[in-house]
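Welcome, and thanks for taking a look at this one with us. Please open the model and keep it beside you while you read.

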Amino acid sequence: MIPRALKSDALFWGVLFTSTWLLSTYSFQLYKALDARWIVRFPKSWQLPLENHISEFLDWLVGSAGFYFFSFRDLTRAISAMIEAPYQVLRNLLVEGFTSGVGETAVQVAPALSWIAVIVTIMAVGHYARDWFLSVLVGVCFLYLAVFGQWESAMITLASVLISVPIGVVGGLLLGILAYRVGWFERILRPILDLMQTVPVFAYLVPILILFGFGPVAALVATVIYAMPPMVRITIVALNSVPKEVIEAGRMAGCRNRQMMWKVLVPSAIPTLMVGVNQVIMLTLNMVIIASMIGAGGLGFDVLSSLRRLDIGGGIEAGLGIVAMAIALDRASQAFAKRSMRHPLEGNILQRHPWTGTVFLVIASTLILGQFVPAVQTYPDALTLTTGPFWSNAMEWINVNFFDTFEAIKTVILQWLLIPVKKFFTGIPWAWGIIATALIAWRVGGWKIGLLAGFLMMFIAASGLWSKAMVTIYLCGVSVLIATIIGIPLGIWAAESPRAGRVILGLMDTLQTLPSFVYLIPVVMLFRVGDFSAMIAVILYALAPAVRYAAHGLKEVPPALIEAGLMSGCTRRQLLWRIKLPLATPHLFLGLNQTIMLALSMLVITALVGTRDLGQEVYIALTKANAGQGIVAGLSVAFIAIITDRVINALASGRRERLGI
Amino acid sequence: MTKPVILDCRNVWKLYGAQADTFLNTNPDPSSADLEAANLIGAVRAVNLQIRKGEIFVIMGLSGSGKSTIVRCLSRLVDSTAGEIRFEGKDLLSASEEELIQIRRKKMGMVFQQFALLPHLTVLENAAFPLEIQGVDKKTREARAHEVVELVGLKGRESYFPRELSGGQQQRVGIARSLAAEPEIWFLDEPFSALDPLIRREMQDEFLRLQNILHKTIVFITHDFDEAIRLADRIAVMKDGIIEQVATPEDLVLQPATEYVAEFTRHVSRAKVIRAASVMEPVNGDSFAGEVAHDAVIEVIADPVEASDLPHKVMEGDRQVGQISRKAVIDVLVGRR
C-alpha cells in the first residue's frame, strides 16, 4: 500500500517537473511553430484594466468624494491635523525647541531636551524595565548616536516612533478587543490582516502618498497601518488565551462586560500584550526608515540619500545609527514584556519614584545649565567622531584587494545558478504556469487550495505582470534555497551545542531587529546593483527564521524519544538523522514558510538596488505616484505569498498528522 | 427536623451539539442511544438535586461525568438546556442579566480548580476584587479583605503576588476571595485537585475548620471519593451526566443503589463512614463502660469500645438510644458488615 502511494507520488512530481521543464525550454520554438504568440505572452486584449480603475477611484476619492457634511479631502486633512499636532510637539521637544511667533520674528521659548537629558531618561527606562546592565546598554546605544553625529536625525526618527507606537498599540488593542467581542467583525478582519501582512510595504505607500501628500504625516500614517496588524492579532490571541476559570471567576464576582474587559481580561493578558508592543515598536522603526521615501526624514533619509549619492561612509554611519537605535528600543521593550509586577517602594514621594525624580532633576538642571554651557544643550560638534572616511577607506581597500575574488564568486553564482533558474522560470508559458501551480497546490493541500492558487495566479497573469512575477519567484526561490541551506545546519548546530546556540541565536535575534533597509548598505557597497546583490540582501534578511525554527524544532523533540533512541544504541549521527530531524520537520516547514515571507518582503525593498521584478514595479509606481499600478503589483506579491503560505502550511500539517503530533 | 432547601434543581439537562437547543422539545426524555443517534453529548441529564441550608453537599464523579457542568449550571456560568433551578425560591434561569449580576455579587461565591487568581493583583487586592467590582470604597473593602485573608491563614502575606505563593497558599487566596462578599452559597469546583496529597489533606482540614466557623451552604465538586466521604454531609455520585445516587456517605457505603456506586464504595474503609447508630443493638443490661455519640464514626470510637469488656451507651443528646459492644466494632473493622 505505502510503496504504491510513494511511487505515484514520485510519478506525479516527475511528470510535472519534466513537462514544465520541456515547456519552459521549448516555449519559444512552440510559439514559432504554431504561430501562437499567446503562448509566451499574455494577450494584451485580455488584460484587466484594474490599474486604471483603482487610480480613477483614488482620484475620485481625493477630488470629489463627499459624505454628508464634509468631503473626503476634509477627512484626510482632519487626520493629518490630528497626527501633525502631537508630532510637532515631540519634534520641538526632541529636536527643534519650542518657539513662539512665526518666521523671522520667532522667539525661542524653550530649547529642546538636551542630549544628556534624553540619555538619562532612556537609561532610567532601561533600569526600570530590568536592571543596570540594560540601562548601560541603552545608554551606550544613545551615546553612540551623539558621539557619531547622528543625534538630530535619530531624534527625528525617535519622534516618529514615539508618535506611531501609541497610536498603533491603542488602535490595535481596540480593534483586537472588538474582534474578540464581536464574532462577525473578527471574521471580516482576519482575511484583511492576512493580506496586510503580505502586501509589500511600498504598495501602500502609494495610495497614502496620494491621500496625504508627501511629508511626515503620510509617513506616520503608513507606519501606523504597517505596524498595527500584529498588535490586533496578538490582542485577539492574548484575550483568547486568558484561562477560562479566570473569566468565570470574574463572572462569579459579578463583573459587568466593561469590568470584565478592563479589570479581568486585559490585565491578565498583559504579558502577551507586551510582546505585541515590542513588535509594534520594531515594525514602526522598520517602517519609519522605509517611509523616509515619502518624507519621514531622520536616519532613514540619511541612508537613502547616501545610497543615492553612493556615499559609502555616510550610508554605513547612518545605518549603524539605525542599528544602535533598533537594539536599544528592542532590548528595552522586550525587558518590559518580561517584567513582572513589582512591589511598590516605601518612603516619601522621591524615595518611591527614584527614577522619575532623577529624570526631572536632570532635565531641569540641563535646561538651566544649557543656557550657559552650550555643550550641555547640544553635543559639541568638535567632539563628534566621524567614521565616514574610515568606512569609505575600508570599502575601498576591500574592493581593491578582493575585487577579483568577489567578482569571481558573483560570476560563478550568476552563471551556474541565477541565470539558469531565471531562464527556467521566465520560460514557463503563463497558461501552463497557472495549471502547474494549481496542480501542486491541489496535490499538497486538496482541491480548495488548488482552486485558490489557480485563481490567484490567473489574476497575476491577467494584470499583465506574469513575467515580472516569475522574476520575483525565481529570485525568491534561489534566495530561500540558499538561506535554508545555510540556516538549517546553523540551527542544528545551535540546538546541539548550547554554547554555539547562545551565540548563533543571539546573532539571529539582533539580525531580526534590524530594519530591512540596513541590509542593503553593505551589499550594494560590495557587489553594486543587480540580481546578485538583491539575492545576498534577501538571504541575510531571511536567514533568521530558518535558523530559529530548526533550532526550536530540534529542542522540542520529546526527551523520552531521545532516551529511547540512546537506549537502542543510536550514535549521535543516527540520533540526529533518524529521530530528531524527522520529528522536527513540521517546524522546519514553518521556518521555511517564514523564510519565504521575509524573503518576499525584502525582495520588494531590493527594488532599490535594481531588480526587474514585481518589487521594481511597485517602486516605479511609487516614484510616479501611480496608485493603481502600485496596488496591483503589490497584490500580486501578496498573492504569491498567500499561495506559498497555504501550500507550506498544508505540507506542515500533513506531516504533523503523519507523525501524530 | 430537615433544614430548608436553598438551591432546588429539577430535571436539569445540558446537551452539547448541533441541535442541542431544540432536541428536547421533540424528545423530552432521551436515552443514551437517542443522544448518540442525534450526535449530541449529554453533559447533564435529568438531574434533580435539593441542596439544604448549611450542609456540605458533595458532587462526586470521574472526569467527563458532568460534575463541573452541573455546578456551572447551578451558578448559571453555563445556561442549562432544559429544567428548572430555583435559588432561595426564585427561578434562577429566568433571572435577567442584571439580577444575575446582583445574585452573584451578594449571594454566591466560587472557588476554582486552577485557583483563577488575577496575576496582576496582590493577595489583598485579589481578596478584595469582588468588592471592588461592586464599587465598595477602598477602605471598607480592604478592611474586609484583611479579615478574610486572616481567616484563611495568610496574614502577613497580603502584599505578595500570586506567583510568589505555593499552590496551597494560592488556593487559600481563592477561598478568601470567594468569601469576601459573604456569600450564602459557596461553590467549590475541585478546589484541592491541583494540590499535592499532603497539602490536599491539610486544606481539607482547613476547609472543615472554616465551615465550623461559617456554616455556609456548600456545593463541593470532587473526583476523589475519599475526599467526598471525609467532607460531605451528603454525596451525589455522577456518571455520564446522570446522578446515580444521592445519600449520606454511610448510606452510600451500606446501600449502594447501583453497581457503579458499589464499585466505588467497595474499597472504602467502612470504619470511616459507618456511624455508631447503624451498628448498635437494643439496650439489654445496665452496666456500661462509657458513652459514645450516635453519629460518631466507628473509626473514632473503636479504641475505647474494643478495649472494654462491657458495652458502651449510644447517646443521642442526653437520651440513650442503644448500646454498642466490642463485637460490633470488630465486625466493622474487619469488614464483616
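Here is a short tour of one chain and of its contact with a neighbour.

This is a predicted model, in which local features need pLDDT of at least 70, side-chain atom pairs count only at pLDDT 80 or more, and totals for chains, interfaces and linings use all residues. Residues are numbered from 1 along each chain as its sequence is written, while chains are lettered from A and ligands numbered from 1 in the order in which they are written.

**Chain B as a whole**
- Chain B has 14 helices and 13 strands, taken as DSSP runs numbered from the N terminus (helices: H or I, at least four residues; strands: E, at least two).
- Along the principal axes, the C-alpha atoms of chain B fill a box of roughly 65 × 55 × 35 Å.
- Chain B has 337 residues, and 43% of them count as buried, that is, with 20 or more other C-beta atoms within 10 Å of their own, C-beta atoms being placed from the backbone.

**The annotated span**
- An unreviewed UniProt entry carries the annotation "domain: ABC transporter" for residues 7-265 of chain B; positions follow the numbering used here, feature names are shortened, and annotations may be inferred rather than shown by experiment.
- Residues 7-265 of chain B are 42% helix and 24% strand, with their end C-alpha atoms 27 Å apart.

**Where chain B meets chain A**
- The contact takes 20 residues from chain A and 21 residues from chain B, two residues being in contact if their C-beta atoms, placed from the backbone, lie within 7 Å.
- On the chain B side, helix H4 (97-107), strand S6 (108-111) and helix H5 (123-134) each supply at least two residues.
- H5(B) gives the largest share of that side, four residues.

Conventions. Buried ≥ 20, exposed ≤ 12 C-beta atoms within 10 Å, placed from the backbone.
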